[in-house]
Amino acid sequence: MANVEIYTTAYCPFCVRALALLQQKSVNYQEIKVDGNAEMRRTMMERSNGSHTVPQIFINNVHVGGCDQLIALEYNNQLDSLLDA
């Protein structure tokens with residue numbers, strides 16, 4: 001199974017939606033909360049080439065983007081192959 005990391009904040013509807021999709025697919029993931037943590041947010045931005053919005057999602061250390069990109073991968077039947085890699 002893939003190593004999935006997702007940077008989130010509380011009360012973010014896009015984070016909730018992305019987490020729900022991962023849970024629906026029974027994916028084990030590491031949620032990294034960046035609320036009030038400037039160092040973690042900086043790390044997230046460095047890893048995602050400057051993206052400052054949440055969620056930011058990584059599968060096997062590859063940045064796949066945010067919620068919209070994760071859902072697009074699922075819609076285009078590409079998410080499962082990334083998760084199985």
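**Ground rules.** I number residues from 1 along each chain as its sequence is written, and I leave out hydrogens and water, using heavy atoms for side-chain values. As the model is predicted, local features need pLDDT of at least 70 and side-chain atom pairs count only at pLDDT 80 or more, while totals for chains, interfaces and linings use all residues.

**Entry 1: aromatic rings.** How many aromatic pairs does the structure hold? I found one. Tyr-7 and Phe-58 make an edge-to-face pair, 5.9 Å centre to centre with 75 degrees between the planes. My criterion: rings of Phe, Tyr and Trp (its six-membered ring) pair if their centres lie within 6.5 Å; planes under 30 degrees apart are stacked, over 60 edge-to-face, the rest tilted. Tyr-7 sits in strand β1 (residues 4-8) and Phe-58 in strand β3 (residues 56-59), so the pair ties together parts 51 residues apart in sequence. Helices (H or I, at least four residues) and strands (E, at least two) are DSSP runs, numbered from the N terminus.

I then checked burial. Tyr-7 is buried at 2% relative accessibility, and Phe-58 is buried at 1%. Buried means under 20% relative accessible area, exposed over 50%, partly exposed in between (1.4 Å probe, protein chains only).

Phe-58 has a charge over its ring: the charged end of Arg-47 sits 4.0 Å from the ring centre. The test is NZ of Lys or CZ of Arg within 6 Å of the ring centre and within 35 degrees of the ring normal.

**Entry 2: strand neighbours.** I looked up Thr-8, also in strand β1. Thr-8 is buried, with a relative accessible area of 1%. Not counting residues up to four places away in sequence, Thr-8 touches residues including Cys-15, Leu-19, Ile-32 and Val-54. Contact means heavy atoms within 4.5 Å.

Next came Ile-57, in strand β3. Buried or exposed? Ile-57 is buried, at 0% relative accessibility. Beyond four places in sequence, Ile-57 contacts residues including Ile-6, Ala-18, Val-64 and Leu-70. Cys-67 is another contact of Ile-57. The C-alpha atoms of Ile-57 and Cys-67 are separated by 7.9 Å, at 10 residues apart along the chain.

**Entry 3: helix packing.** The axes of helix α1 (residues 13-24) and helix α3 (residues 67-75) come within 9 Å and cross at roughly 30 degrees. The contact is made by Phe-14, Arg-17, Ala-18, Leu-21 and Leu-22 of α1 with Cys-67, Leu-70, Ile-71 and Glu-74 of α3. Axes are lines fitted to C-alpha atoms, for helices over the stretch in contact, with angles from 0 to 180 degrees between N-to-C directions.
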